[in-house]
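Here is a friendly walk through one model. Please have the sequence and the 3D view open as you read.

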Protein chains: 2
Amino acid sequence: MANSAWSDRVLQLLRRMNNFHLPGSCRASCCRFEVNGAQVGWIPPHVASLLTRYPEVFSPPRDGAVSLCHSLDSYGRRSEAVDAVLQTLRREDSLSCLKGWRDEKYSVMPKFSDPPLMWMERAATSLFGVKRYGVHINGYIVSDSGEVSMWLARRSPTKQTYPGLLDNLAAGGLAAGVGVKQTLVKECQEEACIPAAIAEKAHPVSTVSYTYEEEDGVFAEGQFVFDLELPLDFKPRIGDGEVQDFYLLPIDKVKELLATDDFKPNCAMVVLDFLIRHSFIDPDTEPCYQEFVAGLHQTLE
Amino acid sequence: MANSAWSDRVLQLLRRMNNFHLPGSCRASCCRFEVNGAQVGWIPPHVASLLTRYPEVFSPPRDGAVSLCHSLDSYGRRSEAVDAVLQTLRREDSLSCLKGWRDEKYSVMPKFSDPPLMWMERAATSLFGVKRYGVHINGYIVSDSGEVSMWLARRSPTKQTYPGLLDNLAAGGLAAGVGVKQTLVKECQEEACIPAAIAEKAHPVSTVSYTYEEEDGVFAEGQFVFDLELPLDFKPRIGDGEVQDFYLLPIDKVKELLATDDFKPNCAMVVLDFLIRHSFIDPDTEPCYQEFVAGLHQTLE
């Protein structure tokens, strides 16, 4: 039988990572963020009121929406006008998330399949509830007797976000104009010293999507998930200093850990998706099987 | 590059199978169906008005909900009282879906992990938008050179629903009190003459969830998905007459077919999930990758 304390903790994780969908979230008080007539995000009230100071960039809230001014009629004009506002707000130091400014440009569009309408600094996306995309890699080995073990990273204690927590073998956000596989190969190289010849063998298997609110704003994310079966004798090594250590753990241990606070929450979701796809969770003994899968794929209409 | 006509047809399929979630669906005019204070479905207006004739079983609509009378305070009492109403409606011949009466009892509960509150005849579940669960099996082979081919069934021309359309190797609904694997083994045996020793090797990999409305009512379904790699020399055979033929097709052909009207729609979704998990769809060339995965996992709060 499944362990119901474990199942409860996993459900709690999924609920927390989807709390923007729950009754009582700030969703009802958020404004839709619209560019060129299409919704690309959600703006929390404290951000919407700040933006009224910049009427040449953001139209005042109307019918529950804040729009970029229509005079900003190209990808470049929109991106630069918003960036100038964000740079000002950053200097004012009033929005804590902007302290994590990264100089990474993320694409802004209604759906992943739509052409980008503008770019936005990564650290600012949560102020606008703009959906961000990334790639996460499950690195694992299969022993000669068929036992599966997974490589996990422990994040550096100096990382800006989630310091010291367990992470997937490698992961990274999709910057504007950079491909999914390209990002994967780059992150594998930088974070875990995995040569491109090995990283290229990762194969796409899934996505994991969620939207949560925190003090800083609304985090809507969609992760492309890849599986990478590694050679038995391969060992990842610390690369750019984002990771302090790598562990190779039996899958039962990984399963136990994913329901603890030791795991970066979205990475725990990626591992849960792995456990389901690789049949480490059985629908006849895990009553929450349907809820687990649903919780990994929550999207906003 | 991905074929955008194919992608569009797949998106249309996913939209149709989730049309209850779309603006303009009957959702806004449906009543919640509540048992013991918990929502277990959605009742369309034409059904809600019929049910007012049975005030000893269904409380009149109030605050957007139709409830089972509280005097029906056990699994058995609820099930029998509702069944008696349904038998009456069936004799009156006014609800076309009851012509498909099957004498199959389905469990009714808020979530799959909750204890069932009652059972209900399978053919009636769409009148109450009660979520139904089932199991679908992707049967496939991998040639010595690594080429994947999939076994598909063609439904009998005399099937009550979706006659003559393509289907997964085997599939079936979960009757009250019957396990997921148990249902799988039974359906494999009955529909495709797959011996239990082979069917048992199927492994759980995913779920596919969707809610659509048709004239008959609201179809909320969650399918447990299993993969079954078959021996190269194994051939399924027609069993109980629900299938007219089996085909072994190269995966590219299956991919092409799933976007046509020749496929039973929920089976096409199960195949799409297979194509994603087995990396036959590439996120760098299929712009709708994120939408595809999201469309396979739509659930109602």
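## Ground rules

This is a predicted model, in which local features need pLDDT of at least 70 and side-chain atom pairs count only at pLDDT 80 or more, while totals for chains, interfaces and linings use all residues. Residues are numbered from 1 along each chain as its sequence is written, chains are lettered from A and ligands numbered from 1 in the order in which they are written, and side-chain values use heavy atoms, with hydrogens and water left out.

## Two copies and their axis

How is chain A related to chain B?

## Domains of chain A

The domain assignment divides chain A into domain 1 (4-21 + 132-295) and domain 2 (26-128); such bounds come from an automatic or database domain assignment. The C-alpha centres of these two domains of chain A are 29 Å apart. Across the boundary, 18 residues of domain 1 of chain A are in contact with 22 residues of domain 2 of chain A, where contact means heavy atoms within 4.5 Å.

Between them, domain 1 and domain 2 of chain A bury about 1,600 Å², and carbon and sulfur atoms give 55% of that area. On the domain 1 side of chain A, the most area is lost to domain 2 by A:Phe20, A:Arg132 and A:Asp216, which together make up 34% of what that side buries. Buried area here is the accessible area (1.4 Å probe) that two parts lose on being put together, summed over both.

## The annotated region and a glutamate in it

An unreviewed UniProt entry lists residues 132-273 of chain A as "domain: Nudix hydrolase". UniProt positions follow the numbering used here, feature names are shortened, and annotations may be inferred rather than shown by experiment. Over residues 132-273, chain A is 24% helix and 41% strand, with the end C-alpha atoms 19 Å apart. Helices (H or I, at least four residues) and strands (E, at least two) are DSSP runs, numbered from the N terminus.

A:Glu187 sits in helix H5 (residues 180-192) of chain A. Is A:Glu187 buried or exposed? A:Glu187 counts as buried, at 8% relative accessibility; buried means under 20% relative accessible area, exposed over 50%, and partly exposed in between (1.4 Å probe, protein chains only). Beyond its neighbours within four places in sequence, A:Glu187 is in contact with A:Ala170, A:Ala171, A:Gly172 and A:Ala192.

## Two loop residues with positive phi

Most residues other than glycine have a negative phi. A:Asn36, however, has a positive phi near 55 degrees. A:Asn36 lies in the loop between strand E1 (31-35) and strand E2 (38-43) of chain A, and is exposed, with a relative accessible area of 54%.

A:Ser279 also is not a glycine and has a positive phi, of about 65 degrees. Its loop runs between helix H8 (265-277) and helix H9 (289-295) of chain A, and A:Ser279 is partly exposed at 25% relative accessible area.

B:Gly41 belongs to strand E2 (residues 38-43) of chain B and is buried, at 4% relative accessibility. Although 67 residues apart in sequence, B:Gly41 and B:Val108 are 8.8 Å apart, C-alpha to C-alpha.

B:Ala175 is in the loop between strand E9 (170-173) and helix H5 (180-192) of chain B. B:Ala175 is partly exposed, with a relative accessible area of 26%. Not counting residues up to four places away in sequence, B:Ala175 touches B:Lys105 and B:Tyr106.

## Cysteines

How many disulfides are there over all chains? The count is zero, a disulfide being a pair of cysteine sulfur atoms within 2.5 Å. For B:Cys26, the closest cysteine sulfur is that of B:Cys30, 3.5 Å away and too far for a bond. B:Cys26 is buried, at 18% relative accessible area, and B:Cys288 counts as buried at 7%.
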